[in-house]
Amino acid sequence: MAKAQIIRLHPEDNVVVAADALPAGTHLETDNLTCLEDIPAGHKLATRAIAVGEPVYKYSQVIGFATSDIPAGAHVHVHNCGVQEFQRDYAIGTDRRHLPLLPEEDQAGFQGIVRSDGQVATRNYVAILSTVNCSATVCRRIAAHFSEPVMTAFPNVDGIVPLVHNTGCAMANSGEGYDTLMRTLRGYLKHPNFAAVLVVGLGCEVFQIKDVLKQQSRPGMIRHLNIQEQGGTRKAIAAGIEYIQEMLPEADRVTRQRVSARHLKVALQCGGSDAYSGITANPALGAAADLVVRNGGAAILAETSEIYGAEHLLTRRAISAEVAEKLIERIRWWEDYTRRNGGEMNNNPSPGNKAGGLTTILEKSLGAVSKGGTSDLVDVFHYAEPITTPGLVLMDSPGYDPCSITGEVASGANIVCFTTGAGSAYGCKPSPSIKLCSNSRTFERMEEDMDINCGLMLDSGISLEAMGERIFQYILDVASGKQSKSELLDMGDSEFIPWHIGAVM
(Lines give C-alpha, C1' and ligand atoms only; values in the text may rest on other atoms or scores of the structure.)
Protein backbone atom coordinates (compact mmCIF):
# COMPACT_ATOMS: atom_id res chain seq x y z
CA MET A 1 0.00 0.00 0.00
CA ALA A 2 1.35 3.44 -0.98
CA LYS A 3 2.33 5.75 1.87
CA ALA A 4 -0.19 8.54 2.44
CA GLN A 5 0.81 12.04 1.36
CA ILE A 6 -0.68 13.68 4.43
CA ILE A 7 -1.56 12.78 8.01
CA ARG A 8 -4.95 13.88 9.30
CA LEU A 9 -5.06 13.60 13.09
CA HIS A 10 -8.72 14.47 13.65
CA PRO A 11 -11.71 15.06 11.35
CA GLU A 12 -12.33 18.51 12.86
CA ASP A 13 -8.76 19.79 12.30
CA ASN A 14 -8.27 22.62 9.81
CA VAL A 15 -4.65 21.62 9.13
CA VAL A 16 -3.02 18.35 8.09
CA VAL A 17 0.62 17.25 8.28
CA ALA A 18 2.80 16.50 5.25
CA ALA A 19 4.02 12.90 5.53
CA ASP A 20 6.86 13.82 3.14
CA ALA A 21 7.84 17.07 1.40
CA LEU A 22 5.05 18.30 -0.88
CA PRO A 23 6.14 20.59 -3.74
CA ALA A 24 3.92 23.52 -4.72
CA GLY A 25 1.22 22.37 -7.08
CA THR A 26 0.88 18.89 -5.53
CA HIS A 27 -2.76 17.82 -5.68
CA LEU A 28 -4.10 15.91 -2.69
CA GLU A 29 -6.82 13.60 -3.91
CA THR A 30 -8.08 12.73 -0.42
CA ASP A 31 -8.92 16.36 0.33
CA ASN A 32 -9.35 17.69 -3.23
CA LEU A 33 -6.73 20.25 -2.29
CA THR A 34 -3.73 21.74 -4.10
CA CYS A 35 -0.58 22.91 -2.28
CA LEU A 36 -0.11 26.62 -2.96
CA GLU A 37 3.57 26.50 -1.94
CA ASP A 38 6.26 24.02 -0.95
CA ILE A 39 5.34 22.20 2.26
CA PRO A 40 8.38 20.68 4.06
CA ALA A 41 8.05 17.18 5.52
CA GLY A 42 6.28 17.27 8.88
CA HIS A 43 4.90 20.77 8.34
CA LYS A 44 1.25 21.78 8.22
CA LEU A 45 -0.99 22.99 5.42
CA ALA A 46 -4.44 24.46 5.71
CA THR A 47 -7.32 22.29 4.49
CA ARG A 48 -9.66 25.28 4.30
CA ALA A 49 -9.40 29.04 4.52
CA ILE A 50 -8.56 30.25 8.05
CA ALA A 51 -9.38 33.90 8.74
CA VAL A 52 -7.07 36.15 10.75
CA GLY A 53 -7.71 35.61 14.48
CA GLU A 54 -9.38 32.23 13.91
CA PRO A 55 -8.10 29.22 15.89
CA VAL A 56 -5.86 26.68 14.18
CA TYR A 57 -6.82 23.12 15.15
CA LYS A 58 -4.58 20.03 15.28
CA TYR A 59 -5.27 16.94 17.45
CA SER A 60 -8.78 18.54 17.66
CA GLN A 61 -7.14 21.12 19.96
CA VAL A 62 -6.15 24.76 19.54
CA ILE A 63 -2.46 25.03 18.60
CA GLY A 64 -2.55 28.76 17.81
CA PHE A 65 -4.37 31.54 16.03
CA ALA A 66 -4.02 32.81 12.47
CA THR A 67 -2.00 36.04 12.46
CA SER A 68 -3.03 36.69 8.84
CA ASP A 69 -5.60 35.25 6.46
CA ILE A 70 -4.53 31.73 5.45
CA PRO A 71 -5.93 30.31 2.20
CA ALA A 72 -6.65 26.59 1.74
CA GLY A 73 -3.49 24.76 0.62
CA ALA A 74 -1.12 27.28 2.25
CA HIS A 75 1.81 26.46 4.54
CA VAL A 76 0.83 27.07 8.19
CA HIS A 77 3.80 27.96 10.40
CA VAL A 78 5.39 30.75 12.43
CA HIS A 79 4.82 33.33 9.66
CA ASN A 80 1.03 33.10 9.94
CA CYS A 81 0.24 31.32 13.23
CA GLY A 82 0.88 32.59 16.76
CA VAL A 83 -0.17 32.23 20.40
CA GLN A 84 -2.65 34.32 22.34
CA GLU A 85 -4.44 33.89 25.65
CA PHE A 86 -7.57 31.76 25.59
CA GLN A 87 -9.63 29.92 28.18
CA ARG A 88 -9.10 26.18 28.62
CA ASP A 89 -11.67 23.93 30.27
CA TYR A 90 -9.91 21.95 32.99
CA ALA A 91 -12.98 19.71 33.53
CA ILE A 92 -11.27 17.98 36.45
CA GLY A 93 -11.60 14.21 36.47
CA THR A 94 -14.04 13.95 33.56
CA ASP A 95 -11.76 11.71 31.44
CA ARG A 96 -10.60 9.28 34.11
CA ARG A 97 -10.29 5.71 32.81
CA HIS A 98 -9.86 3.80 36.10
CA LEU A 99 -7.58 1.28 34.35
CA PRO A 100 -7.17 -1.71 36.70
CA LEU A 101 -3.81 -3.16 37.68
CA LEU A 102 -3.01 -6.52 36.20
CA PRO A 103 -3.34 -9.38 38.71
CA GLU A 104 -0.03 -9.96 40.47
CA GLU A 105 0.41 -13.37 38.83
CA ASP A 106 0.06 -11.77 35.38
CA GLN A 107 2.43 -8.86 35.96
CA ALA A 108 5.62 -8.66 33.92
CA GLY A 109 9.04 -8.92 35.55
CA PHE A 110 12.69 -8.14 34.98
CA GLN A 111 16.07 -9.16 36.37
CA GLY A 112 16.79 -6.47 38.97
CA ILE A 113 19.19 -5.88 41.86
CA VAL A 114 17.43 -5.82 45.23
CA ARG A 115 19.08 -3.51 47.77
CA SER A 116 19.07 -4.10 51.51
CA ASP A 117 16.39 -1.41 51.99
CA GLY A 118 14.06 -3.10 49.48
CA GLN A 119 14.69 -0.68 46.63
CA VAL A 120 15.34 -2.26 43.23
CA ALA A 121 18.18 -1.19 40.94
CA THR A 122 18.53 -1.59 37.21
CA ARG A 123 22.26 -0.73 37.28
CA ASN A 124 25.11 -0.96 39.81
CA TYR A 125 27.30 2.15 39.81
CA VAL A 126 29.51 3.89 42.37
CA ALA A 127 29.06 7.68 42.51
CA ILE A 128 31.40 10.52 43.37
CA LEU A 129 29.09 13.40 44.25
CA SER A 130 30.33 16.98 44.48
CA THR A 131 28.59 19.35 46.87
CA VAL A 132 29.98 22.39 45.02
CA ASN A 133 31.64 23.22 41.73
CA CYS A 134 34.89 23.82 43.62
CA SER A 135 35.25 20.07 44.19
CA ALA A 136 34.41 19.07 40.60
CA THR A 137 37.99 18.57 39.44
CA VAL A 138 38.83 16.38 42.43
CA CYS A 139 35.73 14.25 41.72
CA ARG A 140 36.74 13.81 38.08
CA ARG A 141 40.36 12.97 38.93
CA ILE A 142 39.27 10.32 41.45
CA ALA A 143 36.97 8.76 38.86
CA ALA A 144 39.69 8.85 36.18
CA HIS A 145 41.88 6.59 38.32
CA PHE A 146 39.37 3.77 37.95
CA SER A 147 39.97 3.07 34.29
CA GLU A 148 38.83 -0.09 32.53
CA PRO A 149 41.89 -2.17 33.54
CA VAL A 150 41.29 -1.34 37.22
CA MET A 151 37.58 -2.17 37.00
CA THR A 152 38.06 -5.63 35.46
CA ALA A 153 38.50 -6.91 39.01
CA PHE A 154 34.93 -5.77 39.77
CA PRO A 155 32.80 -7.13 36.90
CA ASN A 156 29.47 -6.47 38.64
CA VAL A 157 30.13 -2.73 39.02
CA ASP A 158 28.95 -0.79 35.96
CA GLY A 159 31.35 2.08 36.53
CA ILE A 160 32.43 5.04 38.64
CA VAL A 161 30.36 8.16 37.91
CA PRO A 162 31.58 11.68 38.80
CA LEU A 163 28.48 13.82 39.47
CA VAL A 164 29.70 17.39 39.20
CA HIS A 165 27.81 20.64 38.71
CA ASN A 166 28.26 24.42 38.56
CA THR A 167 26.62 25.53 41.79
CA GLY A 168 26.51 24.73 45.53
CA CYS A 169 27.72 28.12 46.75
CA ALA A 170 27.15 31.87 46.22
CA MET A 171 23.46 31.24 46.78
CA ALA A 172 20.93 31.68 49.58
CA ASN A 173 21.21 29.08 52.35
CA SER A 174 17.43 28.61 52.47
CA GLY A 175 14.43 28.96 50.21
CA GLU A 176 13.28 27.55 46.89
CA GLY A 177 16.66 27.30 45.15
CA TYR A 178 18.41 25.77 48.15
CA ASP A 179 15.64 23.22 48.74
CA THR A 180 15.61 22.20 45.07
CA LEU A 181 19.35 21.53 44.95
CA MET A 182 19.27 19.74 48.31
CA ARG A 183 16.51 17.40 47.12
CA THR A 184 18.56 16.68 44.00
CA LEU A 185 21.78 15.81 45.84
CA ARG A 186 19.96 13.70 48.41
CA GLY A 187 18.00 11.94 45.66
CA TYR A 188 21.21 10.84 43.94
CA LEU A 189 22.76 9.93 47.27
CA LYS A 190 20.04 7.35 47.96
CA HIS A 191 19.34 6.24 44.39
CA PRO A 192 19.16 2.43 44.19
CA ASN A 193 21.36 2.36 41.07
CA PHE A 194 24.29 3.47 43.25
CA ALA A 195 25.84 0.74 45.38
CA ALA A 196 28.09 3.28 47.07
CA VAL A 197 28.63 7.05 47.10
CA LEU A 198 31.62 9.25 47.94
CA VAL A 199 30.61 12.86 48.69
CA VAL A 200 33.31 15.46 48.03
CA GLY A 201 33.24 19.09 49.14
CA LEU A 202 35.69 21.96 49.36
CA GLY A 203 34.81 22.77 52.97
CA CYS A 204 33.59 26.35 53.11
CA GLU A 205 30.64 26.19 50.68
CA VAL A 206 26.95 26.85 51.36
CA PHE A 207 26.14 23.18 50.69
CA GLN A 208 27.85 21.59 53.66
CA ILE A 209 28.39 17.83 53.56
CA LYS A 210 26.83 17.38 57.00
CA ASP A 211 23.56 18.89 55.74
CA VAL A 212 23.49 16.77 52.57
CA LEU A 213 24.07 13.62 54.63
CA LYS A 214 21.26 14.26 57.14
CA GLN A 215 18.81 11.34 57.44
CA GLN A 216 20.95 9.06 55.25
CA SER A 217 21.37 5.52 56.52
CA ARG A 218 23.70 3.42 54.35
CA PRO A 219 26.53 2.76 56.78
CA GLY A 220 29.85 1.95 55.14
CA MET A 221 28.59 2.67 51.63
CA ILE A 222 28.51 6.46 51.93
CA ARG A 223 31.85 8.14 52.58
CA HIS A 224 32.80 11.82 52.45
CA LEU A 225 35.79 14.14 52.43
CA ASN A 226 36.60 17.87 52.34
CA ILE A 227 39.48 19.12 50.22
CA GLN A 228 40.47 21.75 52.80
CA GLU A 229 40.53 19.21 55.63
CA GLN A 230 42.58 16.77 53.54
CA GLY A 231 45.23 19.41 52.91
CA GLY A 232 44.61 20.22 49.27
CA THR A 233 43.81 18.78 45.86
CA ARG A 234 46.45 16.06 45.56
CA LYS A 235 45.83 14.67 49.05
CA ALA A 236 42.05 14.77 48.55
CA ILE A 237 42.36 12.80 45.30
CA ALA A 238 44.53 10.19 47.01
CA ALA A 239 42.09 9.88 49.92
CA GLY A 240 39.15 9.60 47.54
CA ILE A 241 40.82 6.83 45.55
CA GLU A 242 41.44 4.93 48.79
CA TYR A 243 37.80 5.30 49.88
CA ILE A 244 36.49 4.01 46.54
CA GLN A 245 38.90 1.07 46.61
CA GLU A 246 37.60 0.14 50.05
CA MET A 247 33.95 0.24 48.89
CA LEU A 248 34.35 -1.57 45.57
CA PRO A 249 34.52 -5.18 46.85
CA GLU A 250 31.18 -4.80 48.65
CA ALA A 251 29.65 -2.95 45.69
CA ASP A 252 30.66 -5.84 43.45
CA ARG A 253 28.81 -8.40 45.59
CA VAL A 254 25.47 -8.21 43.79
CA THR A 255 23.34 -10.60 41.78
CA ARG A 256 20.27 -10.05 39.65
CA GLN A 257 16.98 -11.77 40.43
CA ARG A 258 13.50 -11.68 38.97
CA VAL A 259 11.39 -8.89 40.38
CA SER A 260 8.00 -7.47 39.47
CA ALA A 261 7.70 -4.64 36.95
CA ARG A 262 6.06 -2.67 39.77
CA HIS A 263 9.62 -1.71 40.73
CA LEU A 264 10.03 0.25 37.50
CA LYS A 265 10.09 4.04 37.71
CA VAL A 266 10.30 5.26 34.13
CA ALA A 267 11.23 8.84 33.26
CA LEU A 268 9.29 10.02 30.18
CA GLN A 269 11.22 12.61 28.20
CA CYS A 270 11.38 14.20 24.74
CA GLY A 271 14.06 16.29 23.09
CA GLY A 272 14.93 17.44 19.59
CA SER A 273 11.24 16.99 18.84
CA ASP A 274 9.68 17.35 15.41
CA ALA A 275 6.12 17.23 14.12
CA TYR A 276 6.29 13.44 13.89
CA SER A 277 7.09 13.16 17.62
CA GLY A 278 3.47 13.82 18.59
CA ILE A 279 2.24 11.37 15.95
CA THR A 280 4.54 8.35 16.48
CA ALA A 281 7.17 8.25 19.24
CA ASN A 282 5.34 10.19 21.96
CA PRO A 283 1.99 8.34 21.78
CA ALA A 284 3.88 5.03 21.39
CA LEU A 285 5.80 5.81 24.58
CA GLY A 286 2.42 6.70 26.13
CA ALA A 287 1.14 3.23 25.23
CA ALA A 288 4.23 1.74 26.89
CA ALA A 289 3.71 4.00 29.93
CA ASP A 290 0.16 2.64 30.26
CA LEU A 291 1.67 -0.86 30.39
CA VAL A 292 4.14 0.24 33.07
CA VAL A 293 1.24 1.62 35.11
CA ARG A 294 -0.96 -1.47 34.61
CA ASN A 295 1.95 -3.60 35.86
CA GLY A 296 2.17 -1.52 39.04
CA GLY A 297 5.10 0.74 38.15
CA ALA A 298 5.44 4.52 37.96
CA ALA A 299 5.58 6.58 34.76
CA ILE A 300 7.05 10.04 35.38
CA LEU A 301 5.99 12.86 33.07
CA ALA A 302 8.03 16.07 33.45
CA GLU A 303 8.95 19.21 31.47
CA THR A 304 6.13 21.38 32.84
CA SER A 305 6.99 24.19 30.44
CA GLU A 306 6.29 21.72 27.61
CA ILE A 307 2.86 20.65 28.78
CA TYR A 308 1.77 24.30 28.93
CA GLY A 309 -1.34 24.60 26.80
CA ALA A 310 -2.11 20.91 27.17
CA GLU A 311 -2.44 20.80 30.94
CA HIS A 312 -6.24 20.62 30.61
CA LEU A 313 -5.85 17.14 29.11
CA LEU A 314 -4.12 16.05 32.32
CA THR A 315 -6.51 17.75 34.76
CA ARG A 316 -9.32 15.83 33.07
CA ARG A 317 -7.51 12.62 34.05
CA ALA A 318 -6.63 13.71 37.59
CA ILE A 319 -7.85 11.35 40.31
CA SER A 320 -8.92 14.27 42.52
CA ALA A 321 -9.38 18.03 42.58
CA GLU A 322 -6.34 18.21 44.87
CA VAL A 323 -4.09 16.59 42.25
CA ALA A 324 -5.48 18.82 39.50
CA GLU A 325 -4.92 21.93 41.61
CA LYS A 326 -1.29 20.90 42.21
CA LEU A 327 -0.77 20.87 38.45
CA ILE A 328 -2.59 24.16 37.87
CA GLU A 329 -0.51 25.78 40.64
CA ARG A 330 2.70 24.67 38.88
CA ILE A 331 1.44 26.12 35.57
CA ARG A 332 0.73 29.46 37.28
CA TRP A 333 4.19 29.33 38.90
CA TRP A 334 5.78 28.86 35.48
CA GLU A 335 3.86 31.79 34.02
CA ASP A 336 5.17 33.98 36.83
CA TYR A 337 8.71 32.48 36.66
CA THR A 338 9.12 33.24 32.96
CA ARG A 339 7.55 36.69 33.36
CA ARG A 340 9.91 37.78 36.15
CA ASN A 341 12.88 36.53 34.16
CA GLY A 342 11.92 38.52 31.09
CA GLY A 343 10.67 35.57 29.03
CA GLU A 344 7.41 34.00 27.95
CA MET A 345 6.13 30.47 27.67
CA ASN A 346 6.09 30.63 23.86
CA ASN A 347 9.88 31.20 23.79
CA ASN A 348 9.71 27.41 23.43
CA PRO A 349 9.73 25.72 20.77
CA SER A 350 13.41 25.86 19.84
CA PRO A 351 14.75 26.65 16.33
CA GLY A 352 15.23 22.92 15.75
CA ASN A 353 11.63 22.18 16.78
CA LYS A 354 10.39 24.83 14.35
CA ALA A 355 12.53 23.44 11.53
CA GLY A 356 10.86 20.08 12.22
CA GLY A 357 7.38 21.58 11.80
CA LEU A 358 6.39 22.62 15.34
CA THR A 359 4.99 26.15 15.34
CA THR A 360 3.89 27.05 18.87
CA ILE A 361 4.32 25.85 22.44
CA LEU A 362 0.68 24.73 22.31
CA GLU A 363 1.35 22.39 19.39
CA LYS A 364 4.55 21.09 20.98
CA SER A 365 2.83 20.50 24.33
CA LEU A 366 -0.12 18.65 22.82
CA GLY A 367 2.34 16.22 21.25
CA ALA A 368 4.58 16.03 24.30
CA VAL A 369 1.80 15.26 26.78
CA SER A 370 0.91 12.11 24.83
CA LYS A 371 4.01 10.49 26.40
CA GLY A 372 1.77 10.11 29.45
CA GLY A 373 -0.54 7.69 27.65
CA THR A 374 -4.14 7.45 28.82
CA SER A 375 -3.72 6.49 32.50
CA ASP A 376 -5.17 8.58 35.31
CA LEU A 377 -2.90 11.28 36.78
CA VAL A 378 -2.38 10.19 40.39
CA ASP A 379 -0.05 12.90 41.77
CA VAL A 380 2.16 15.93 41.07
CA PHE A 381 5.62 16.31 42.62
CA HIS A 382 8.15 19.10 42.90
CA TYR A 383 11.51 18.80 41.13
CA ALA A 384 13.60 15.94 42.59
CA GLU A 385 10.92 15.13 45.18
CA PRO A 386 10.87 11.37 45.86
CA ILE A 387 8.21 9.57 43.80
CA THR A 388 6.25 7.61 46.38
CA THR A 389 3.17 6.75 44.30
CA PRO A 390 2.79 4.15 41.54
CA GLY A 391 0.91 5.18 38.42
CA LEU A 392 1.21 8.18 36.12
CA VAL A 393 2.68 11.18 37.92
CA LEU A 394 4.09 14.54 36.93
CA MET A 395 7.34 15.89 38.34
CA ASP A 396 7.73 19.65 37.82
CA SER A 397 10.79 20.58 35.77
CA PRO A 398 12.08 22.80 32.97
CA GLY A 399 11.98 21.51 29.40
CA TYR A 400 15.80 21.43 29.17
CA ASP A 401 16.36 17.70 28.82
CA PRO A 402 19.48 17.03 30.97
CA CYS A 403 18.13 19.26 33.74
CA SER A 404 14.67 17.67 33.62
CA ILE A 405 16.02 14.12 33.65
CA THR A 406 18.40 14.97 36.50
CA GLY A 407 15.29 15.78 38.55
CA GLU A 408 13.49 12.60 37.47
CA VAL A 409 16.49 10.44 38.39
CA ALA A 410 16.76 12.25 41.74
CA SER A 411 13.07 11.42 42.22
CA GLY A 412 13.90 7.73 41.78
CA ALA A 413 13.64 6.99 38.04
CA ASN A 414 15.63 3.84 37.26
CA ILE A 415 14.96 3.88 33.47
CA VAL A 416 14.78 6.84 31.07
CA CYS A 417 12.75 6.75 27.84
CA PHE A 418 13.68 9.63 25.54
CA THR A 419 11.79 10.39 22.32
CA THR A 420 13.40 12.47 19.58
CA GLY A 421 12.72 13.57 16.02
CA ALA A 422 15.74 15.61 14.97
CA GLY A 423 18.04 13.24 16.88
CA SER A 424 19.50 13.30 20.39
CA ALA A 425 22.91 12.32 21.72
CA TYR A 426 21.76 12.11 25.36
CA GLY A 427 22.99 9.43 27.73
CA CYS A 428 22.35 8.98 31.43
CA LYS A 429 24.20 7.48 34.37
CA PRO A 430 23.04 5.88 36.60
CA SER A 431 19.69 5.23 34.84
CA PRO A 432 19.98 3.87 31.29
CA SER A 433 18.50 6.01 28.53
CA ILE A 434 16.41 4.42 25.76
CA LYS A 435 16.07 6.55 22.59
CA LEU A 436 12.83 6.35 20.62
CA CYS A 437 13.02 7.96 17.17
CA SER A 438 9.94 9.53 15.61
CA ASN A 439 10.90 9.03 11.95
CA SER A 440 12.89 6.61 9.83
CA ARG A 441 15.10 9.26 8.21
CA THR A 442 16.65 10.29 11.52
CA PHE A 443 16.78 6.70 12.75
CA GLU A 444 18.79 5.61 9.70
CA ARG A 445 21.09 8.64 9.91
CA MET A 446 21.74 8.20 13.66
CA GLU A 447 21.20 4.48 14.13
CA GLU A 448 24.15 4.14 16.53
CA ASP A 449 22.30 6.46 18.94
CA MET A 450 18.71 5.30 18.42
CA ASP A 451 17.18 2.23 20.11
CA ILE A 452 13.74 1.95 18.49
CA ASN A 453 12.39 3.33 15.21
CA CYS A 454 8.84 4.54 15.86
CA GLY A 455 8.77 5.89 12.30
CA LEU A 456 7.71 2.38 11.30
CA MET A 457 4.23 3.34 12.48
CA LEU A 458 3.99 5.57 9.40
CA ASP A 459 6.22 3.64 7.01
CA SER A 460 5.05 0.08 7.71
CA GLY A 461 1.70 0.53 9.40
CA ILE A 462 2.75 -0.84 12.81
CA SER A 463 -0.07 -0.06 15.23
CA LEU A 464 0.21 2.16 18.28
CA GLU A 465 -0.49 -0.81 20.54
CA ALA A 466 2.17 -2.99 18.89
CA MET A 467 4.81 -0.25 19.11
CA GLY A 468 3.90 0.39 22.75
CA GLU A 469 4.33 -3.30 23.51
CA ARG A 470 7.69 -3.30 21.70
CA ILE A 471 8.89 -0.37 23.80
CA PHE A 472 7.65 -1.96 27.05
CA GLN A 473 9.49 -5.21 26.31
CA TYR A 474 12.64 -3.23 25.51
CA ILE A 475 12.31 -1.42 28.85
CA LEU A 476 12.19 -4.80 30.62
CA ASP A 477 15.25 -6.00 28.68
CA VAL A 478 17.27 -2.88 29.51
CA ALA A 479 16.14 -3.00 33.15
CA SER A 480 17.48 -6.58 33.19
CA GLY A 481 20.94 -5.49 32.05
CA LYS A 482 20.78 -5.17 28.25
CA GLN A 483 22.80 -2.10 27.28
CA SER A 484 20.99 0.72 25.51
CA LYS A 485 22.66 2.50 22.58
CA SER A 486 23.84 5.39 24.77
CA GLU A 487 25.41 2.88 27.18
CA LEU A 488 27.22 1.15 24.32
CA LEU A 489 28.68 4.59 23.50
CA ASP A 490 29.56 5.06 27.23
CA MET A 491 27.57 8.28 27.47
CA GLY A 492 26.15 9.82 30.63
CA ASP A 493 29.09 11.17 32.66
CA SER A 494 28.37 14.85 31.90
CA GLU A 495 24.58 15.01 32.02
CA PHE A 496 24.11 15.73 35.75
CA ILE A 497 22.52 19.23 35.51
CA PRO A 498 20.61 20.27 38.66
CA TRP A 499 17.99 22.99 38.18
CA HIS A 500 19.39 26.29 39.44
CA ILE A 501 16.68 28.62 40.78
CA GLY A 502 17.52 32.01 42.25
CA ALA A 503 20.23 34.62 42.31
CA VAL A 504 23.95 33.88 42.12
CA MET A 505 25.48 36.14 44.79
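**Note on helix packing and local backbone features**

1. Helix α1 (residues 136-145) packs against helix α6 (residues 233-252) at an angle of about 45 degrees, and their axes lie 9 Å apart. The structure under discussion is a predicted model. At this angle α1 and α6 are therefore oblique to each other, and their crossing is right-handed. From α1, the residues Val138, Arg141, Ile142 and His145 take part; from α6, they meet Thr233, Ala236, Ile237, Gly240, Ile241, Ile244 and Gln245. By class, this contact comprises six nonpolar, four polar and one charged residues.

2. A second pair is formed by helix α7 (residues 281-294) and α15, which pack at an angle of about 60 degrees with their axes 7 Å apart. An angle of 65 degrees would be needed for the pair to count as roughly perpendicular; α7 and α15 are therefore oblique to each other. The crossing of α7 past α15 is right-handed. On the α7 side, Pro283, Ala284, Leu285, Ala287, Ala288, Leu291 and Val292 meet Leu464, Met467, Gly468, Glu469, Ile471 and Phe472 of α15. Eleven nonpolar residues, one polar and one charged make up this contact.

3. Which residues of α3 are buried? They are Gly177, Tyr178, Thr180, Leu181, Met182, Thr184, Leu185, Gly187, Tyr188 and Leu189. Ten of the 14 residues of α3 are thus buried, and the helix is mostly covered. The elements covering these buried residues include β12 (125-130), β13 (159-163), β14 (194-201), α4 (209-212), β15 (222-226) and α12. As to its length, α3 reaches 20 Å from its first C-alpha to its last, close to the 20 Å expected at 1.5 Å a residue.

4. Ile462 is located in the loop between α14 (456-459) and α15 (464-479). Leaving aside residues up to four places away in sequence, Ile462 touches Leu456, Met457, Met467 and Arg470. One of these, Met467, also belongs to the α15 side of the contact with α7.

5. The peptide bond joining Lys429 and Pro430 is cis, with omega about 20 degrees. Pro430 lies in the loop between β21 (415-420) and β22 (433-437).

6. Two non-glycine residues with positive phi deserve a comment. Asn32 has a phi of about 50 degrees and sits in the loop between β3 (27-28) and β4 (33-34). For Ala91, phi is about 35 degrees, and its place is in the loop between β9 (81-82) and β10 (109-114). Are these residues buried or exposed? Asn32 is exposed, with a relative accessible area of 62%. Ala91, by contrast, is buried: its relative accessible area is 19%, and the cut-off for buried is under 20%.

Notes:
Residues are numbered from 1 along each chain as its sequence is written. This is a predicted model: local features need pLDDT of at least 70, side-chain atom pairs count only at pLDDT 80 or more; totals for chains, interfaces and linings use all residues. Side-chain values use heavy atoms; hydrogens and water are left out. Helices (H or I, at least four residues) and strands (E, at least two) are DSSP runs, numbered from the N terminus. The expected span of a helix is 1.5 Å times one less than its number of residues. Buried means under 20% relative accessible area, exposed over 50%, partly exposed in between (1.4 Å probe, protein chains only). Contact means heavy atoms within 4.5 Å. Axes are lines fitted to C-alpha atoms, for helices over the stretch in contact, and angles run from 0 to 180 degrees between N-to-C directions. Angles under 35 degrees count as roughly parallel, over 145 as roughly antiparallel, 65 to 115 as roughly perpendicular and the rest as oblique. A crossing is left-handed if the near helix is turned anticlockwise from the far one by less than a right angle, and right-handed if clockwise. Ala, Val, Leu, Ile, Met, Phe, Trp, Tyr, Cys and Pro count as nonpolar, Asp, Glu, Lys and Arg as charged, and the others, Gly among them, as polar.
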